[in-house]
Amino acid sequence: MVRAISYTMRLVLQMFHRPTSCFLFHIQRLAPPRMLMLVAAARLPLLASQPRRRDPPRPPKALAAILRSRVIACLRAQDGETAMQAAHAAVRGGVSVLEIVMSTPGVLEVVEDLCRSYPSLTFGVGTVLNADDARKAIRAGAQFLMSPGTVMEILYDLDGSEILYIPGVLTPTEVISAYNAGANVVKVYPVSVMGGEMYMSALKKPFPLVPMVASQGITIGSIKSYMEAGASAVVLSDAIFGKELMRERDFIGISALANQATLQASQRGR
């Protein structure tokens, strides 16, 4: 009797080192029914503790707005009043997605004002370099954040959030790192100094399912070629908020350029 129990217990101990089907075959052939019940009970906690596969979170609404607009107007200014008026001028010209650079004086007040004035449009903060600035921007109402590189702390903090984070990347390794860490979209920066549309096309080829935003040195006339190279959207800075226009506070001129940019992007379709 002792020998039979000892043999059966050895089989039980081996259950974690043998395929399940093989183990059950031997147990059913050699062990009494009561022992089978004990083995089944021992396995239940292991089965129950297996992690369940979660459905991926829905992407933030800001991503859909960016993919629809295909243009992100990027504003930086020397003072808050100029930034406020330039932002309103761009919206009047047809811009629906606008970011204000974090270093702009009064950036948070500008974001708050824009969110109140145009609740159906999408506003964000750019050149966010740390998690503390990210939290300030979100409290002001920013719906998306952008960085010139990938700030992992921000990316992890906003994983599954309604706030979209667009990390900056430049190389295939950086794309893989950001995407595997949870990024829904990446910003290729600085794209023009790396070869512009040709570089955009080369970088996009291995990652057809990763939305990419092209940024830096892009003109209104080059929107079409960047889209053809695989960019889901482009960031336009001086192309809309030209330095001379900002210096002269020529808000009519800014509206006109914003209108040209949005029309050019809309002609590209999806």
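This note goes through a pocket, the side-chain pairs and some backbone features of a predicted model.

1. Basis of the note. The model is predicted, so local features are reported at pLDDT of at least 70 and side-chain atom pairs only at pLDDT 80 or more, while totals for chains, interfaces and linings use all residues. Residues are numbered from 1 along each chain as its sequence is written, and side-chain values use heavy atoms, with hydrogens and water left out.

2. The second largest pocket. On a 1 Å grid over the protein atoms alone, a pocket is an open set of points where a 1.4 Å probe fits, with protein on both sides within 12 Å along at least five of seven lines, and lining residues have an atom within 4 Å of a point. The second largest pocket has a volume of about 370 Å³, a volume being the space filled by probe spheres set on the grid points, which are joined across faces, edges and corners. Its lining has 19 residues, and those nearest the centre are R76, Y189, S215, Q216 and S237. The elements that each give two or more residues to this lining are β2 (97–101) and β9 (233–236), where strands are DSSP runs of E with at least two residues and helices runs of H or I with at least four, numbered from the N terminus. By residue class the lining of this pocket holds eight nonpolar, seven polar and four charged residues; Ala, Val, Leu, Ile, Met, Phe, Trp, Tyr, Cys and Pro count as nonpolar, Asp, Glu, Lys and Arg as charged, and the others, Gly among them, as polar.

3. The charged end of K187 sits over the ring of Y189, 5.0 Å from its centre (the rule asks for NZ of Lys or CZ of Arg within 6 Å of the ring centre and within 35 degrees of the ring normal). Y189 is also joined to P190 by a cis peptide bond, with omega about -5 degrees, and P190 lies in the loop between β7 (186–188) and α10 (197–204). Q216, in the loop between β8 (212–215) and α11 (223–228), has a positive phi near 100 degrees although it is not glycine.

4. Salt bridges. The whole structure has three salt bridges, each defined as a side-chain nitrogen of Lys or Arg within 4 Å of a carboxyl oxygen of Asp or Glu. K136 pairs with D132, their closest N and O atoms being 3.6 Å apart, and both residues lie in helix α7 (residues 131–140), four residues apart, about one turn of the helix. R135 meets D157 at 3.9 Å, N to O, and this pair links distant parts of the chain, with R135 in helix α7 and D157 in helix α8 (residues 152–157), 22 residues apart. D238 and K243 form a salt bridge at 2.7 Å, N to O.

5. Buried means under 20% relative accessible area, exposed over 50%, and partly exposed in between (1.4 Å probe, protein chains only). On this scale K243 is exposed at 57%, whereas D238 is partly exposed at 43%. The structure holds one aromatic pair, formed by Y118 and F123, which is tilted at 6.4 Å centre to centre and 45 degrees between the planes; rings of Phe, Tyr and Trp (its six-membered ring) pair if their centres lie within 6.5 Å, and planes under 30 degrees apart count as stacked, over 60 as edge-to-face and the rest as tilted. F123 is buried, at 1% relative accessibility.
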